[in-house]
Amino acid sequence: MMVAVSIGAVNVPLGEVWRIVARHVTGGGGTAADPALDQIVWNFRAPRVVLAALVGAGLAVSGAVLQALVSNPLADPTVLGFSYGASLGAVLVITAATGATLGGLGVSTAAFLGALAAGILVFVLGQRRGRVAPTRLVLSGVAVGYVFLSATSFLQLRATPTELRTVMFWMLGSVSGAQWSQLPVVSAVVLSTTVVLALFGRRLNVLLAGDESATALGVDVNRLRAVLLVLSSLLTGTVIAVAGGIGFVGLMIPHLVRLATGADHRRLLPLTALTGAVYLVVVDLLSRTLNRPNELPLGILTALLGAPFFLWLLRRDKGLDAA
Amino acid sequence: MRLTVEQLHITLDRRPILRDVHLDVGKGDIVGLVGPNGSGKSTLLRTVYRSLRPALGVVRVGGDDVWALSARTAARRTAAVLQDANGSTSGLSVTEIVALGRTPHHGLLGRDGAEDRRAVADAIDRCGARPLADRDFASLSGGERQRVLLARALAQGPELLVLDELTNHLDIRARFELLDLIRSSGTTTLAVLHDLDLAARLCDQVAVLHDGEVVGAGPVLDVLTPAVLREVFGVTAAAERHADGVVRITYAARPLAPDRP
């Protein structure tokens, strides 16, 4: 993370980064750094790197939980419609605010509410007489996603070119707008939901055994699915709200960790969080250095870099042939 | 532990599936549940492992109504090996699968302790699955999988075993091995079996389900009479005790009973 903070449009020596961060963390003292460097490191880069780590962890954990929740290896926040719900919320605010300037908070809140609405809608549509069938849940997610997507597309058609650019950039995802002020909320949500979800690790393993078998093992499958769905849409909603629609992390990272260490969720979830965090910090670093001084949206790079590596891993894994 | 089913009625999608079912499985007994496809066998099992709540009637395990117990308490008494168990279990090792059996012994914050590890190791050994312990469950053959799932059920430390077609699709040796395991476990068992000959060999008693009703229950020779075999299963056959003491089903040269196509 320190390396990621030091590299960018302006490179800051690693030692200097340490000094600046240490000075802020310990609360003054020591030699005052160059104010410009201090500004770059502490106000722009550091919150951005921390946010990238939180967003990466959040998306990856949520993907891992959703895959177990619906017993489907293709599941991720996009497939279940959360991301499209967030997009609609964000686009609604961006295009409605013609002329007026609406703060970043407005877009974030709308995106969060959109994701949550999608989560609740998918859950309500996915159950029948109190039973939550995994397949119905996935198909409901896909259908809800399409509805949100078409509404979003309609709004985009009516948007001005400036708005459209904002929408475009938001949907592809970025952590460039990171500020210290938004980090407490985001980190609180990401850390607490990840810890709680990890506590459900044993029950997530049981879900892999099939619904009837899980019931016979003393797990209330329907209630478990409801709790997990709420937690994961809360988690996804929060990170998408601040970082936009970053795809592929939620799908790829859990599979990657699973291939490396197996599917026991008590191990899988913490490792997935860690790997997701590192991955997005690296991708964000590349996004602002590949094309200096311009930035690429994260959503473009996550898939462009991740997919080939992921495909290579899939071809190497012999276990998949047996399954 | 004794299992009793009293006056059980189940209706699904307005279709009566079970009607006034009574069943009694004594402590230590192995009872086979037989009947044609769609006669309600799996539905009856679901009421025992607390997946289906009856509108009318009671299922008691160890004297308690299973719905008066918590899901976890009920699962510490009753373990099941079911047909859905080959879901998306890829990525879990055999040991991890067997360890799932310890789930009802823990709350949200519970971690595996020495007792859990001992129960898991013991179940793996009893089922002869030690050489498989580190394999990925998804890479096992059908017989190996059933053996591991039985180990999972035994790791649960149950006093009642519920088995749904444990030996389906298995070769003949694997079938007999599994039957020996169940017998040697000494656990009270209710087993749905399609193969009548296997049921006659494994079970002390059988209960016959036909269109959601129990049409006979008791010792194999008393229940599987030529009349029942003809009317319920639609075949001409007889159950006989052979000289070696084993009850076998003998089917007629043209076993299809005339009233069925």
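Two strands are taken to pair if DSSP finds at least two bridges between them, and strands (E, at least two residues) and helices (H or I, at least four) are DSSP runs numbered from the N terminus. The views below show a predicted model, in which local features need pLDDT of at least 70, side-chain atom pairs count only at pLDDT 80 or more, and totals for chains, interfaces and linings use all residues. Residues are numbered from 1 along each chain as its sequence is written, while chains are lettered from A and ligands numbered from 1 in the order in which they are written.

**View 1. The open sheet of chain B.** Six strands of chain B form an open sheet with mixed pairing, in the order 6-7-8-3-9-10. Strand 6 (78-81) and strand 10 (213-219) of chain B each have a single partner strand and stand at the edges, so one side of each is left without a neighbour in the sheet. From one strand to the next the twist averages 15 degrees, with angles running from 0 to 180 degrees between N-to-C directions and axes being lines fitted to C-alpha atoms, for helices over the stretch in contact.

**View 2. Strand 6 of chain B and its surroundings.** Strand 6 of chain B runs parallel to strand 7 (residues 160-164) of chain B and is joined to it by 4 bridges, with B:Ala80 standing opposite B:Val162 in strand 7. Across both strands lies helix 5 (residues 142-155) of chain B, running at about 170 degrees to strand 6 of chain B.

**View 3. The side of chain B that touches chain A.** In total, 29 residues of chain B are in contact with 24 residues of chain A, contact meaning that the C-beta atoms of two residues, placed from the backbone, lie within 7 Å. Helix 2 (71-77) and strand 6 of chain B are the elements that give two or more residues to this side, and helix 2 of chain B gives the most, with 4 residues.

**View 4. The crossing of helix 13 and helix 14 of chain A.** The axes of helix 13 (residues 265-289) and helix 14 (residues 298-316) of chain A come within 9 Å and cross at roughly 115 degrees. Where the two helices of chain A meet, A:Val283, A:Asp284, A:Leu286 and A:Ser287 in helix 13 contact A:Leu298, A:Leu301, A:Thr302 and A:Leu305 in helix 14.
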